Amino acid sequence: MNDRLPSGRHNLPREFVVTSQRDRLLDSMAQACAEKRYAEVSVADIVSRARVSRSTFYEIFPDKEACFLAAYDAILGRFVTEVIKACQDPVLTWPEQIELGIEASLRFLAAEPAFARMCIVDMFSAGPSALERYLSAVRLIAAFVDGGRTQMPDREDVPESIALMTVSGAAVVIRAEIVGDRTQDLPAVGPDLLYSILVPYMEREEATRRSERFAERLEGQLTA
Amino acid sequence: MAQTRKKGSGLNGKLPSGRHGLARDVVITSQRERMIEAMIAVVAGKGYAETTVADIISNAGVSRATFYEQFADKEDCFVAAYAAVMERMLAFVAQGFSTEESDDWVGRARGALRSLLTYLSENPVAARVGIVEGFGAGARARDRYQEAVSAFFPFLDAARDLVDEPDRIPPQTARVVVGGVSALIFAEASSGNASRLPEVLPQMMYLAVVPYLGHEEAMVAMRETEVSR
């Protein structure tokens, strides 16, 4: 995806060239966002990294924001696929699905620092469409977490708004790790997030045990 | 959100121009405070991105040179304004936490949250700057947010004194609660509904209590929370 096509006459269909240029622009946008703040990223920056001309940029995207959103959407699809693959096995119980979902999300973000910065940090400063995308992702995850009210015994009375608040709070923890340059170690906050997300839907002791077992499992993987 | 200012109306008023015999540091402090207040008012009105240094100096009634004597740039001034708003929010939380007659932690936490929500509902400008723009403004402001929020943690972590094996409650617990509270305030404030904030106090009480004392106690805390209007 990063390889530039040979310049000059190459007899490649125009559609293919445009796709390759578009991919390079998306990649450059993500890389630029990983290195500096979205506000400081310029179109000049992106086109020079992608080695395409400014006019090509504007043939493909109306502005910087459109390119940002396209870059975000391109990785989001992979993110969602991986998280669903990790946690949607029907033999898993609801708390196990939550645990594996958290783990898969944090691992993905740790492996894709550019995407992590875009979707958890820059989404707030990249305009209203970006913010709306961020909020709808949070709402989607919260709807799954809110399943705890019916999946777990005697928890129908947990207020519906709690899931949205704990998921948003978890995002704040993740943001603090990214801003503090600890993106690579994101999985380490998984047990803490698991506790906060599960605790409304089970006894405190059980949420604690699950969080502790998750931490042991992560440590085991580290030393293995 | 135009602000009318009366001459000499305390800290926010512009000092009389010309020779006034005031010490230079008094003048500087007054100008700094006016610029910070101007930043808060203008950002609340049209958002950080649209705010310009020209807006700030005209609202504060100072020269451009004065602005750049005290602030490196727009973001620097915003960081100062943001710190001022967070300080006020923290003061309301601390006051609510300590003046609540009840001496149990749940009562104090309720007092703190009620005080914060009442303040923000009456000062939507503070909600807009402290929460909405604090999330979205420049990176320096964002880094400050991370520091500023940790000042709220001790009010929550005080609940650890009430449980056996407090160290088994994960360290990030308070940050998740504060993040959840800010997210709900963000949702109300960014849709222009800051005045409705006190209505969400019961759910926030549940959120604050559940990781420390569990579901049953959180339900009691929520049911015993009356919404003040």
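Predicted model: local features only at pLDDT ≥ 70, side-chain atom pairs only at ≥ 80, totals over all residues.
**Core.** I looked up the largest nonpolar core, which has 133 residues. The members that touch the most others are A:Met29, B:Met39 and B:Ile40. I then asked which element gives the most to this core, and found helix H9 (residues 161–179) of chain A, with eleven residues. For B:Ile40 I listed the contacts, leaving out residues up to four places away in sequence: B:Ala81, B:Val85, B:Val125 and B:Val129.

**Domains of chain B.** I noted that the assignment places domain 1 at 10–71 and domain 2 at 82–223. Where the two touch, domain 1 of chain B supplies seven residues and domain 2 of chain B eight residues. On the domain 1 side I recorded six nonpolar residues, one polar and no charged.

**Helix H9 of chain B.** I traced H9(B) over residues 173–190, 18 residues in length. From first C-alpha to last, H9(B) reaches 26 Å, close to the 26 Å expected at 1.5 Å a residue. After H9(B) comes B:Gly192, for which I noted a positive phi, near 75°.

**Chain A against chain B.** I recorded 29 residues from chain A and 27 residues from chain B in this contact. On the chain A side, H9, helix H10 (190–198) and helix H11 (204–223) each supply at least two residues. H9(A) gives the largest share of that side, twelve residues.

Technical notes: Residues numbered from 1 in each chain as written. Chains lettered and ligands numbered in written order. Core = buried A, V, L, I, M, F, W, Y, C linked by C-beta atoms within 7 Å. Buried ≥ 20, exposed ≤ 12 C-beta atoms within 10 Å, placed from the backbone. Helix = DSSP H or I, 4+ residues; strand = E, 2+ residues; numbered from the N terminus. Domains from an automatic or database assignment. Nonpolar A, V, L, I, M, F, W, Y, C, P; charged D, E, K, R; others polar. Expected span 1.5 Å × (residues − 1).
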